[in-house]
Amino acid sequence: MEYKSNNNVVYSCKYHVVWCPKYRRKVLVNGVDIRLKTLIEEVCNEYRIDIIEMEIMPDHVHLLMEVDPQFGIHKAVKQIKGRTSRILRQEFSWLTTRLPTLWTNSYFVSTVGGAPLSVIKQYIENQKNV
């Protein structure tokens with residue numbers, strides 16, 4: 001098992017996070033998905049969050065990531081959803097006419113401790129094939 005560290009903590013905190021657009025609308029298409037992927041990578045690089053796997057579906061996002069426990073998973077998801085919503089709604093104006101906000105307030109998060117990482121990684125990779 002690989003471990004990360006900051007000045008105070010050695011850790012291995014991997015999370016599977018899933019969130020959806022408001023009303024589960026299938027709006028992550030026609031270039032929005034590609035731009036979303038880029039924005040998520042930018043935010044994660046800025047906050048030193050490691051993306052292990054990412055898949056953008058038309059109506060939800062799967063993200064497998066490793067987050068410093070002192071930063072926290074909630075703060076990580078909040079930063080990603082907040083920035084991506086603001087920028088995508090500026091760049092794709094049709095998103096503002098279809099939805100009052102881009103993302104729902106909720107999200108699913110699970111630590112990746114019960115299942116082997118390879119199984120979860122394969123699950124996310126195979127999402128588009130379902």
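Is Trp19 buried or exposed, and what is its relative accessibility? In this predicted model, Trp19 has a relative accessibility of 1% and therefore counts as buried.

**View 1. Trp19 and Trp103 form an aromatic pair.** Two aromatic pairs are found in a search of the whole structure. In the pair shown, the ring centres of Trp19 and Trp103 are 5.8 Å apart and the planes stand at 85°, so the arrangement is edge-to-face. The two residues are 84 residues apart and link distant parts of the chain: Trp19 belongs to strand 3 (residues 14-19), and Trp103 to the loop between helix 3 (94-98) and strand 6 (108-111). Trp103 is also buried, because its relative accessible area of 5% is under 20%.

**View 2. Ile40 lies in the largest nonpolar core.** This core has 32 residues, and Ile40 and Met65 have the most contacts inside it. Two or more residues each come from strand 3, helix 1 (32-46), strand 4 (50-57), strand 5 (60-66) and helix 2 (73-91). Beyond its neighbours within four places in sequence, Ile40 is in contact with residues including Trp19, Met54, Leu63 and Ile80.

View 3. Strand 3 and strand 6 pair over four bridges; Tyr15 has Thr111 of strand 6 as its bridge partner.

**View 4. The charged end of Lys22 sits over the ring of Tyr23.** The distance from this charged end to the ring centre is 5.9 Å.

Terms used
Residues are numbered from 1 along each chain as its sequence is written. This is a predicted model: local features need pLDDT of at least 70, side-chain atom pairs count only at pLDDT 80 or more; totals for chains, interfaces and linings use all residues. Side-chain values use heavy atoms; hydrogens and water are left out. Rings of Phe, Tyr and Trp (its six-membered ring) pair if their centres lie within 6.5 Å; planes under 30 degrees apart count as stacked, over 60 as edge-to-face and the rest as tilted. Buried means under 20% relative accessible area, exposed over 50%, partly exposed in between (1.4 Å probe, protein chains only). A charge sits over a ring if NZ of Lys or CZ of Arg is within 6 Å of the ring centre and within 35 degrees of the ring normal. A nonpolar core is a set of buried Ala, Val, Leu, Ile, Met, Phe, Trp, Tyr and Cys residues joined through side-chain atoms within 4.5 Å. Contact means heavy atoms within 4.5 Å. Two strands pair if DSSP finds at least two bridges between them.
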